[in-house]
Amino acid sequence: MALLEAHRLHKRFGDRVVLETIDLAFEEGRLSGIIGPNGAGKTTCFHVLTGRYRPDGGRIMLDGRDITGLTPRAIARMGISRSFQLMNLFDDFSALENVALAVPERRRQGFHMLRDARQDSSVADKAAAVLARVGLAGKERELARNLSYGDRRALEICMALAAEPRILFLDEPTSGLGTEATARLADLVRRLKQEVTLVIIEHNMRFLFDLADTVAVIQWGQVIARGTPETLRADKWVKASNFGMLA
Amino acid sequence: MRTAPGVIARLRGWITEPMLVAFAVFGSVPFWINQVGLYPYLGVEVLVFCIFALGFNVLFGHTGLPSFGHGAFFGIGAYAMGLTQFHLAPNLWLGLLAATLVAAAFGAAVACFISHRRGIYFALMTIAFSQLFFFIASKWTSVTGGEDGLINIRRLPADFGIVSFPLRTNPALYWFAFACFAVIVVLLWRLANSPFGRVLQAIKQNEERVAFLGYNVWLYKWLSFVLSCAVTGFAGGIFAMGQGGAFVQVMSLQWSGVVVLMVLIGGGLVSFWGPVIGTVIYFIARDLLGAYTETWLLWFGLMFMLMVMFKPEGAAGLWTELRRRTRAVRARIPAAGFRTGGPVGT
């Protein structure tokens, strides 16, 4: 059984059907990719899986447990963490404070009103360690707003990672990155792949096909193909939609 | 065994240098306020409104939730102080406890209806509830005294069992208000820098992301509202003693607006000290500018408009900017790209 499964997932906004009975399965310890053109429904699919949108139909199962329609908070507490395509950071906080908020220990202390958060070395150490993992060591005290675009992308991922998730969703992590930064991100994702189950939405086919174990292709709100990168390169639907050429 | 540096470090987590400066300034007021042509009761008013503004800023500056109806909770605290004196027991501590808890209870009820909102919808709901409380207070004459208010609220002594301090004179009430102010400042500073305070500041910046990190945003907003109302009610309790009564006017939209002005002018959105600075500016404007012209509020309003247009971070933001520029000049580094502004816990 897959760690996370979506059965006949359906989502519409008014008259517009964005997800049309989608079935997806994400195996534990693997990197699964979702590709598709703009407007195919990829990000909506992420939003539904992580609780931002409630599906109009279908079920989402995490490790056999039905999590359909749960709030983002409840889903996050069950071990699903995500990054955002449009960066969603706490700009007035330092990089360390951004990550510290995501550390589960800090979340458990969230209602402590008279404890000094600045002197909590345990949370700070954990946050610093995660920052180092994504290559942001030495930038702990920098305000998030002052970080470079690439570092902000890394911080986005870092926050999702600091939550110690069972499954980590990355929404277009290479968006806006140059060649060098994308290569560094690929190295990071390769390392993360050893530690956590990953699901990545991407436009950058080369990036995704180099890293993913399996890929689902979404077009017109439907999964039109799925399989390993090798099988997809030969798939007639993928070829017809130009993904094969890019890959 | 704790070492001296360890103790100092722990103490610095509670008491900071700006706090000592603020305490020194407010602590010196009784020694010079008459000499400069002002009067001790003005000091009481300033301190009471500092507490009010600090409480309001838990919601506004820390959590980013704009309330335009906080005067209602200030008034509720004042009425609770009076009603406790008249109908329960004439005890200062009981009165202040009632002012705090009753305002918190009303705040808790209101927050149940609005904690899922933010921005303009949140603000409008606070106005609606404050108007509701205002009209109840003005019409429920048998309890609140209606338009005449609750009069003859006494300044009860601060009784500590073995020693009791009478608060009948304005200087005595000032020292009492000063002690309350000091305690509130230390506690709210600690709150701002606690894990809870950090979550509130995160909600202000990006509510959605906080939810995706697994926090119960609704509950944090609810608690922020309740705490804010509790401190506001406490301030209302002292105000009732200062005024010798509880009056419905303080629950009006105008008074709710005044505290927003104070906090914004002072820079409550970017600094813990913004509400204190703003309150002092407001009362200086009222009493000094007011001595020269009856239209002082017009000039104060103009100052507010200029501040919003050119320095929305308020006086505290202006101070931070000046310090940043001074440091930049000293260090001979370009000012651009360097920013010290941060959350209100700074």
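This is a predicted model: local features need pLDDT of at least 70, side-chain atom pairs count only at pLDDT 80 or more; totals for chains, interfaces and linings use all residues.
**Stop 1: chain B on its own.** Select chain B and colour by secondary structure: you will find 14 helices and 4 strands. Turn to its outline next. Along the principal axes, the C-alpha atoms of chain B fill a box of roughly 65 × 60 × 50 Å. The radius of gyration of chain B is 20 Å, which agrees with the value near 20 Å that a compact globule of 346 residues would have. If you colour by burial, 49% of the 346 residues of chain B count as buried. Now look at the contacts in chain B between residues at least 6 apart in sequence: 74% of them join residues at least 24 apart.

**Stop 2: where chain A meets chain B.** Show both chains. The contact takes 29 residues from chain A and 23 residues from chain B. On the chain A side, select helix H2 (72-77), helix H3 (95-102) and helix H4 (104-108), each of which supplies at least two residues. The largest share of that side, 4 residues, comes from H2(A). Colour the chain A side by residue type and you get 12 nonpolar, 6 polar and 11 charged.

**Stop 3: the largest nonpolar core.** Which residues touch the most other members of this core? Select Val99(A), Cys158(A) and Ile51(B), out of 184 residues in the core. Then pick helix H10 (residues 217-243) of chain B, the source of the largest share, 15 residues. In chain A, domain 1 (4-79 + 165-246) and domain 2 (92-151) each give the core at least three residues.

**Last stop: Val99(A).** Zoom in here. Leaving aside residues up to four places away in sequence, Val99(A) touches Ala127(A), Val130(A), Leu131(A), Cys158(A), Met159(A) and Ala162(A).

Notes: Residues are numbered from 1 along each chain as its sequence is written. Chains are lettered from A and ligands numbered from 1 in the order in which they are written. Two residues are in contact if their C-beta atoms, placed from the backbone, lie within 7 Å. Ala, Val, Leu, Ile, Met, Phe, Trp, Tyr, Cys and Pro count as nonpolar, Asp, Glu, Lys and Arg as charged, and the others, Gly among them, as polar. The radius of gyration is taken over C-alpha atoms; the globule rule is 2.2 Å times the number of residues to the power 0.38. A residue is buried if 20 or more other C-beta atoms lie within 10 Å of its own, exposed if 12 or fewer, and partly exposed in between; C-beta atoms are placed from the backbone. A nonpolar core is a set of buried Ala, Val, Leu, Ile, Met, Phe, Trp, Tyr and Cys residues joined through C-beta atoms within 7 Å. Domain bounds come from an automatic or database domain assignment.
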